[in-house]
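Here is a note for a colleague who is opening this structure for the first time. Please read the points with the viewer open.

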Amino acid sequence: MTLSVFAAFWAVSILFVVTPGADWAYAISAGLKGRVVVPAVVGMLSGHLIATVVVAAGVGTLVAGHPLAMSVLTVAGSGYLLWLGINMLTHPSAPQADPAQASGAWRRWAFKGLCVSGLNPKVFLLFLALLPQFTDATAPWPVPMQILALGLVHAASCGVIYLLVGFGSQAVLGARPGAAHLVSRLSGAAMIIIALVLLAGQITQHSALR
């Protein structure tokens, strides 16, 4: 795999990363809660890496070929995003640090971040559609290794952007409680909209198959 291929993939990947979505909303929420941005981002990156490994192992193609499996994944992810969005909308984050910042709080934010990205079917489908397009069967590296390398490039881009979003929201909104509440509610609304769009797509798809 050549450097030009990595550069081309990164250019495409970064376009997806800088587009606000559920990951951005979660990073902003973590920023408003204080020093939990890092575990939140680590959790989200873990979800991206799991999706990469799944696609590299070939399981992704198998799952994508079974509509029921994809439907279960989509409904589960949508339900989780909907739950998070409703909580953010009804209980907007205040710009303050968590009192103790205990390891348990870090684990909760990391686990929730893992669920945000790991249960997002768009992440899975993106990797399934995008990663194989930048592989070369004639290259010295096996295709699964190429997919893993590309996934790491994407994860690195996600890490940088999500950290900037999280810490940026903390710095910009930390002294503006009113603005922080508004942004938190908007983030929650964005999660709800994403969840409803995914669920509507599933309903439309099943209706068309009848």
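**Notes on the second pocket and its surroundings**

1. Start with the second largest pocket: eleven residues line it, and S29, N87, M88, H91 and K112 lie nearest its centre. A pocket here is found on a 1 Å grid over the protein atoms alone, as an open set of points where a 1.4 Å probe fits, with protein on both sides within 12 Å along at least five of seven lines; a cavity is a set from which the probe cannot get out, and lining residues have an atom within 4 Å of a point.

2. A word on the basis. This is a predicted model: local features need pLDDT of at least 70, side-chain atom pairs count only at pLDDT 80 or more, and totals for chains, interfaces and linings use all residues. Residues are numbered from 1 along each chain as its sequence is written, and side-chain values use heavy atoms, with hydrogens and water left out.

3. The second largest pocket holds about 200 Å³ of space. That volume is the space filled by probe spheres set on the grid points, which are joined across faces, edges and corners. By class, its lining has five nonpolar, four polar and two charged residues. Nonpolar covers Ala, Val, Leu, Ile, Met, Phe, Trp, Tyr, Cys and Pro; charged covers Asp, Glu, Lys and Arg; the others, Gly among them, are polar.

4. Which helices supply at least two residues each to this lining? They are α2 (22–33), α5 (67–90) and α6 (103–118). The largest share, four residues, comes from α5.

5. Now the whole chain. It has nine helices and zero strands. Helices (H or I, at least four residues) and strands (E, at least two) are DSSP runs, numbered from the N terminus. Of the 210 residues, 42% count as buried. Buried means under 20% relative accessible area, exposed over 50%, and partly exposed in between, with a 1.4 Å probe and protein chains only.

6. N87 and R185 are 98 residues apart in sequence, yet their C-alpha atoms are 9.2 Å apart. R185 sits in helix α9 (residues 177–209) and is partly exposed at 39%. R185 also lies 9.6 Å from S29, C-alpha to C-alpha, across 156 residues of sequence.

7. What aromatic pairing is there? The count comes to one aromatic pair. Y26 and W109 form this tilted pair, 5.4 Å centre to centre, with 35° between the planes. Y26 lies in helix α2 and W109 in helix α6, so the pair ties together parts that are 83 residues apart in sequence. Rings of Phe, Tyr and Trp (its six-membered ring) pair if their centres lie within 6.5 Å; planes under 30 degrees apart are stacked, over 60 edge-to-face, and the rest tilted.

8. The UniProt record, an unreviewed entry, lists "transmembrane region" for residues 6–26, 38–62, 68–89, 109–131, 143–165 and 186–204. Its positions are given in the numbering used here, feature names are shortened, and annotations may be inferred rather than shown by experiment. In the model, residues 6–26 are 81% helix and 0% strand, with end C-alpha atoms 28 Å apart. Residues 143–165 are 100% helix and 0% strand, and the end C-alpha atoms are 33 Å apart.

9. S169 is found in helix α8 (residues 143–173) and is buried at 7% relative accessibility. The side chain of S169 reaches the backbone oxygen of G166 at 2.7 Å. I50, in helix α3 (residues 37–56), is partly exposed at 47%.

Notes. Polar contact = N/O pair within 3.5 Å; in protein donor to acceptor, adjacent residues only side chain to side chain.
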